[in-house]
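Here is a short report on one protein model. Keep the structure open as you read.

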Amino acid sequence: MVYPELQGGSLLARHLTPEVWRLLNDKETRYGVRLAHVVASGLANPDSSVGVYAGDEESYALFAPLFDPIIADYHGFGPENRHQSDLDPARLNAPNPDPEGRYVLSTRIRVARNLCCFPFGSALTRRERRIVESTVVRALEDLPGELAGSYHPLYEMDETTKERLIRDHFLFKEGDRFLEAAGLNRDWPDARGIFHNPGKTFLVWVNEEDQLRIISMEPGSDLQRVFARLARALAALERRLAFAHSERLGYLTSCPTNLGTAMRASVHVRLPRLAADGARLTALAAEYGLQVRGTHGEHSASEGAVYDVSNKRRLGITEVEAVRGVANGVAALIAAEERA
């Protein structure tokens, strides 16, 4: 494949130079992932913000001349840095930013995980994806107490149930054009599904963008309680499953924006006054390292002045630090809303 005509302002377009292309174009991981596979989404979608997806754990090492500058650009995390994790709820001090429940509708903390010794979603064969599903489901079925629940494959789910779960923010849907171009929608909906406890405060998505999206959520804004539930679930699952992990980059994910903690702590918060000045809202959130998305997440608009506000940094910051930052930042947004 010849050096592609790069368009747009993505991190891929910025860092895939002819020299990097020549250096990496003939390389291939043990699972058959090549550079063309890594950059496929960004080439198909010039409006991508990043434009690359790792096909497996080895991608981050073999294609480091491309991934490392992108990671440094996005996370401010250089090759000399080492990621540290901290999932201990006892070390989290995150006061409830909205104890009266006037602004925050719900809180969700999720992490992405992939099994070690398997390709990531964009490079999985149908057979491998089914093995991942069965391995994960067996581990989930052994979870105790409030984490216990049941698994629901997508192919068995009727459309009415599916749409209701998507509308209520419990279920994922078939990936967007960025995921499609990366190969993450192949064989849909085969070997994909959702596990949840009866109260839907603990959920696991199986074989979406990453092999697992592990989610703790509930109405209100008690970040401390939501984080503690997630930490218990991760401790239980790590006794049953081995996750892809790097000493330098932390937990390894399909998209390099999710590396490190692979965690997004978010709230749905209603900010009608700040909604009148979107630029100010975005700028204020950025001061606290937060990202503002629409009501239904990435690439969606706000409905009823409700925004999805979450930590932007994943890498080079611990889980405890990220959640504390969200609590402080959301409190600041609420204070600004009240002053507006």
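## Cysteines

The sulfur of Cys116 lies 3.9 Å from the closest cysteine sulfur, which belongs to Cys117, and that is too far for a bond. A disulfide here is a pair of cysteine sulfur atoms within 2.5 Å. By this rule there are zero disulfides. Cys116 is partly exposed at 23% relative accessibility, whereas Cys255 is buried at 9%. Buried means under 20% relative accessible area, exposed means over 50%, and partly exposed is in between (1.4 Å probe, protein chains only).

This is a predicted model: local features need pLDDT of at least 70, side-chain atom pairs count only at pLDDT 80 or more, and totals for chains, interfaces and linings use all residues. Residues are numbered from 1 along each chain as its sequence is written, and side-chain values use heavy atoms, leaving out hydrogens and water.

Helices (H or I, at least four residues) and strands (E, at least two) are DSSP runs, numbered from the N terminus. Start with strand 1. Eight of its ten residues are buried, so strand 1 is largely enclosed by the rest of the structure.

Which strands pair with strand 1? Strand 8 runs antiparallel to strand 1, joined by seven bridges. Strand 5 also pairs with strand 1 in the antiparallel sense, over eight bridges. Pairing requires that DSSP finds at least two bridges between two strands. Look at Arg108. It stands opposite Ser266 in strand 8 and opposite Met217 in strand 5.

## Helix 6

Helix 6 has 15 residues, which should span 21 Å at 1.5 Å a residue; its end C-alpha atoms are 21 Å apart, which agrees. The expected span is 1.5 Å times one less than the number of residues.

## Helix 9

Helix 9 covers residues 223-238. Its 16 residues reach 22 Å from first C-alpha to last, close to the 22 Å expected. Its buried residues include Leu223, Val226, Phe227, Leu230, Leu234 and Leu237. The buried residues of helix 9 pack against several elements, including strand 1 (104-113), helix 6 (126-140), strand 5 (212-219) and helix 11 (319-339).

## Nonpolar cores

In soluble globular proteins, nonpolar side chains tend to be buried together. A nonpolar core is a set of buried Ala, Val, Leu, Ile, Met, Phe, Trp, Tyr and Cys residues joined through side-chain atoms within 4.5 Å. The largest core has 58 residues, and Ile109, Ile214 and Val323 touch the most other members. Helix 11 gives the largest share of this core, nine residues. A second, separate core has 27 residues, including Ile70, Leu249, Leu252 and Leu315.

What does Ile214 touch? Its contacts include Ile109, Val111, Phe202, Val204, Leu230, Leu234 and Leu237, not counting residues up to four places away in sequence. Contact means heavy atoms within 4.5 Å.

## Loops

Ser122 is found in the loop between strand 1 and helix 6. Is Ser122 buried or exposed? Ser122 is buried, with a relative accessible area of 5%. Leaving out residues up to four places away in sequence, Ser122 touches His37 and Arg186, among others. Pro79 lies in the loop between helix 5 (64-75) and strand 1. Pro79 is partly exposed at 48%, and touches Asp68 and Arg248, again not counting residues up to four places away in sequence.

Most residues other than glycine have a negative phi, and most peptide bonds are trans. The peptide bond from Trp188 to Pro189 is cis, with omega near 0°. Pro189 lies in the loop between helix 8 (177-182) and strand 3. Ala191 lies in the loop between helix 8 and strand 3, and its phi is positive, near 60°. Ala191 is buried at 2%. Lys200 has a positive phi too, near 55°. Lys200 lies in the loop between strand 3 and strand 4 and is partly exposed at 24%.
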